[in-house]
Amino acid sequence: MTGALRVRVAALIVSILSAVGLAVTVVATDDGRQLPPPTAPWRGEPGPLAGTVTADAAIEHLHAFQDLADAHGGNRAAGTPGFEASTEYVEQTLHEAGYETTLEHFTFEYDLAWGARLDQLSPTPRSFAHEPMAESPSTAAGGLSGEVVAPADPTGCTAASYPAGSDGKIALVARGDCPFAEKSVAAGEAGAIALVVYNNEDGPLHGGLDEDGDGYIPTTGITQADGEILLTELGSGPVTLAYDVQHGTEERESFSVLAETTGGDPEDVVMLGAHLDSTPAGPGINDNASGVAALLEVAVQLADRPEPPTRTVRFAFWGAEELGLIGSTHYVEGLQPAELDALAMYLNVDMVASPNYMIGVYAGEASGVLTSYLDAHGQPWVSVDIAGASDHAPFQDQGVPVTGLYTGSLETKDDEDVELFGGTSGESYDAGYHTAGDDIDNISIEALQINLEAIAHVVDALAGPDAD
């Protein structure tokens with residue numbers, strides 16, 4: 001982004017604040033940009049859009065996404081029928097509100113597993129349903145077999161928790177306490193040749209290892225009930241398993257949905273985005289149907305206003321975020337310099353209804369537009385630095401001012417610097433994160449309403465009819 005546009009963004013923010021009689025202290029950065037401090041006051045009353053958006057309307061969208069997941073194998077992951085159905089729902093909703101939509105297609109490598117089997121050989125021959133982990137290595141042709149070993153710490157997060165003599169055995173551990181990738185590495189360091197992870201709640205266990213990690217052993221997931229069967233038999237004597245899986249990839253196609261207002265300056269764009277795909281593990285209602293539902297409600301209410309926005313407002317519903325920000329990266333890489341320069345800011349909305357929530361604002365160049373509004377309303381918030389973990393990253397890498405909203409996940413529960421504002425300190429923000437438990441019951445209506453109004457405020461302040 002050019003220095004000229006950055007100055008224009010700063011001037012826009014200053015003009016809004018000055019128009020409502022608020023003093024502004026402007027600071028200059030090393031590259032000449034002029035930005036108000038992050039805690040600058042904002043207008044205290046909701047604007048016309050922020051006063052119309054409701055969580056009830058957004059929840060209707062969440063129910064629709066739950067129904068679509070239920071009808072398509074339990075998830076809405078990129079490259080699946082559930083994702084395609086979700087895309088059709090987003091397009092239909094936008095069309096009914098008067099928007100034209102564009103599908104931006106892209107391809108990606110989809111992880112496949114075939115020939116997968118997990119059999120108990122002794123003492124009771126049986127076969128188990130299982131879900132090989134994404135990014136797990138394959139077994140040798142024909143598979144492998146070995147006795148089962150369970151670590152002293154059921155979650156198996158360290159090699160030290162395994163007993164001596166674990167070499168050549170198949171590790172059996174519980175889900176929880178650390179990522180699946182750490183469990184796989186720890187089991188391998190202890191000498192295990194494969195890892196079976198059982199769920200800590202009802203239902204199958206879907207998961208994946210880190211894409212760029214190493215030291216993994218073949219890893220798969222089973223239900224809690226099957227894990228308990230194995231543990232019970234292991235308590236009475238040796239248990240032997242056989243495991244065979246071959247992994248590969250195939251090229252698949254997916255897409256993002258884009259829509260924008262017909263009014264407004266096309267060379268001065270406020271852009272908002274949320275990822276539409278879930279993980280394969282579940283319906284992804286908090287992560288991230290909540291962000292999608294929030295943007296749909298804002299878009300619908302914006303279209304119903306009689307006056308067009310001063311600036312173009314563009315909405316993006318990204319595909320394949322869970323696979324590595326593929327949709328948003330493809331979009332940004334395809335922008336011409338003038339198109340990139342037209343982006344005044346990008347607001348990312350990812351997980352905005354965690355049941356035991358904090359109100360997190362992305363630490364970014366444009367964060368003041370949110371934090372000052374939250375301060376004016378007495379709403380506690382924390383600054384979160386999620387680096388390249390969501391769809392704002394490709395924009396930020398190109399110099400576009402970014403910010404975003406986020407209410408927390410299981411991965412942030414032990415962060416001592418984070419405070420809860422909608423639950424009890426020390427509990428998980430979202431225990432359903434990346435699991436089948438991320439369903440319609442896994443949301444906070446209160447958090448959704450707070451974030452909805454904050455998103456609408458950004459549009460009111462930066463693109464409303466009176467924004468100049």
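**Reading strands and helix packing**

Reply: In this predicted model, the bridge partner of Val149 in strand E7 is Ala171. Two bridges join strand E6 (residues 144–149) to E7, and these strands run parallel.

Me: How many bridges join E7 to strand E8?

Reply: Five bridges join E7 to E8 (residues 194–198), again with the strands running parallel.

Me: Which way do the residues of E7 point?

Reply: In a regular strand, side chains alternate between the two faces of the sheet. Here, Ile170, Leu172 and Ala174 point one way from E7, while Ala171 and Val173 point the other way. All of them are buried, and E7 (residues 170–174) is mostly covered.

Me: How should I describe the packing of helix H3 with helix H6?

Reply: Two packed helices are described by the angle between their axes and the distance between the axes. The axes of H3 (residues 81–96) and H6 (residues 285–303) come within 10 Å and cross at roughly 15°. H3 and H6 are therefore roughly parallel to each other, and H3 passes H6 in a right-handed crossing.

Me: Which residues make the contact?

Reply: H3 contributes Tyr89, Val90, Thr93 and Leu94, and H6 contributes Val292, Leu296, Ala299 and Val300. By class, seven are nonpolar, one is polar and none is charged.

Me: Why is helix H9 described as largely enclosed?

Reply: Seven of the nine residues of H9 (residues 368–376) are buried, so the rest of the structure largely encloses this helix. The buried residues, among them Val369, Leu370 and Tyr373, pack against strands E13, E14 and E16 and helix H11. Just after H9, Gly378 takes a positive phi of about 65°.

Methods:
Residues are numbered from 1 along each chain as its sequence is written. This is a predicted model: local features need pLDDT of at least 70, side-chain atom pairs count only at pLDDT 80 or more; totals for chains, interfaces and linings use all residues. Side-chain values use heavy atoms; hydrogens and water are left out. Axes are lines fitted to C-alpha atoms, for helices over the stretch in contact, and angles run from 0 to 180 degrees between N-to-C directions. Helices (H or I, at least four residues) and strands (E, at least two) are DSSP runs, numbered from the N terminus. Angles under 35 degrees count as roughly parallel, over 145 as roughly antiparallel, 65 to 115 as roughly perpendicular and the rest as oblique. A crossing is left-handed if the near helix is turned anticlockwise from the far one by less than a right angle, and right-handed if clockwise. Contact means heavy atoms within 4.5 Å. Ala, Val, Leu, Ile, Met, Phe, Trp, Tyr, Cys and Pro count as nonpolar, Asp, Glu, Lys and Arg as charged, and the others, Gly among them, as polar. Buried means under 20% relative accessible area, exposed over 50%, partly exposed in between (1.4 Å probe, protein chains only). Two strands pair if DSSP finds at least two bridges between them.
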